[in-house]
Amino acid sequence: MRWNSIDAQPRDDRGRVALTARQEAIVETIRTRTLERSYPPSIRELMTDLGMRSPNGVKAQLVLIRRKGWITWDEHKARTLRVVGK
């Protein structure tokens, strides 16, 4: 197993690592859009909603948020983002 800085960070009672402000905004946007429409946003919709310039930047943040334990999704399927907990 490879060691990385996420592994070394403290976790809450649900096993999640704290998020940055940008990551919190992404999680909140996913939560809000899912409640509004009954399905999660796409990566491009997140990019537009958050004022980001690249879908690759959104994807990189999503991967980090998933590693921190806050979201999950089904690989190779569209609109499967889910916020874990709450």
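Visitor: How close do the axes of helix H2 (residues 21-37) and H3 come, and at what angle do they cross?

Guide: They come within 11 Å and cross at roughly 115°. Axes here are lines fitted to C-alpha atoms, for helices over the stretch in contact, with angles running from 0 to 180 degrees between N-to-C directions. Please keep in mind that this is a predicted model, where local features need pLDDT of at least 70, side-chain atom pairs count only at pLDDT 80 or more, and totals for chains, interfaces and linings use all residues. Residues are numbered from 1 along each chain as its sequence is written, and side-chain values use heavy atoms, leaving out hydrogens and water.

Visitor: Which residues make the contact of H2 with H3?

Guide: Contact means heavy atoms within 4.5 Å. On H2 the contact is made by Arg22, Ala25, Ile26, Thr29, Ile30, Arg33 and Arg37, and on H3 by Glu45, Leu46, Asp49 and Leu50. By class, this contact has 5 nonpolar, 1 polar and 5 charged residues. Ala, Val, Leu, Ile, Met, Phe, Trp, Tyr, Cys and Pro count as nonpolar, Asp, Glu, Lys and Arg as charged, and the others, Gly among them, as polar.

Visitor: Why are H2 and H4 called roughly perpendicular?

Guide: Their axes come within 10 Å and cross at roughly 90°. Angles of 65 to 115 degrees count as roughly perpendicular, under 35 as roughly parallel, over 145 as roughly antiparallel and the rest as oblique. H2 and H4 are therefore roughly perpendicular to each other. Arg22, Gln23, Ile26, Val27 and Ile30 of H2 meet Gln61, Leu62, Leu64 and Ile65 of H4.

Visitor: What makes H3 roughly perpendicular to H4?

Guide: Helix H3 (residues 43-50) and helix H4 (residues 55-67) pack at an angle of about 100°, with their axes 9 Å apart. That angle makes H3 roughly perpendicular to H4. Ile43, Arg44, Leu46 and Met47 in H3 meet Pro55, Val58, Lys59 and Leu62 in H4. These residues divide into 6 nonpolar, no polar and 2 charged.

Visitor: How much space lies in the largest pocket, and which residues are closest to its centre?

Guide: About 210 Å³ of space lies there. Of the 14 residues that line this pocket, the closest to its centre are Ile43, Lys77, Ala78, Arg79 and Leu81. A pocket is an open set of points on a 1 Å grid over the protein atoms alone, with protein on both sides within 12 Å along at least five of seven lines, and lining residues have an atom within 4 Å of a point.

Conventions
Helix = DSSP H or I, 4+ residues; strand = E, 2+ residues; numbered from the N terminus. 1 Å grid on protein atoms, 1.4 Å probe; cavity = no way out; pocket = protein on both sides within 12 Å on 5 of 7 lines; lining within 4 Å. Points joined across faces, edges and corners; volume = space filled by probe spheres on them.
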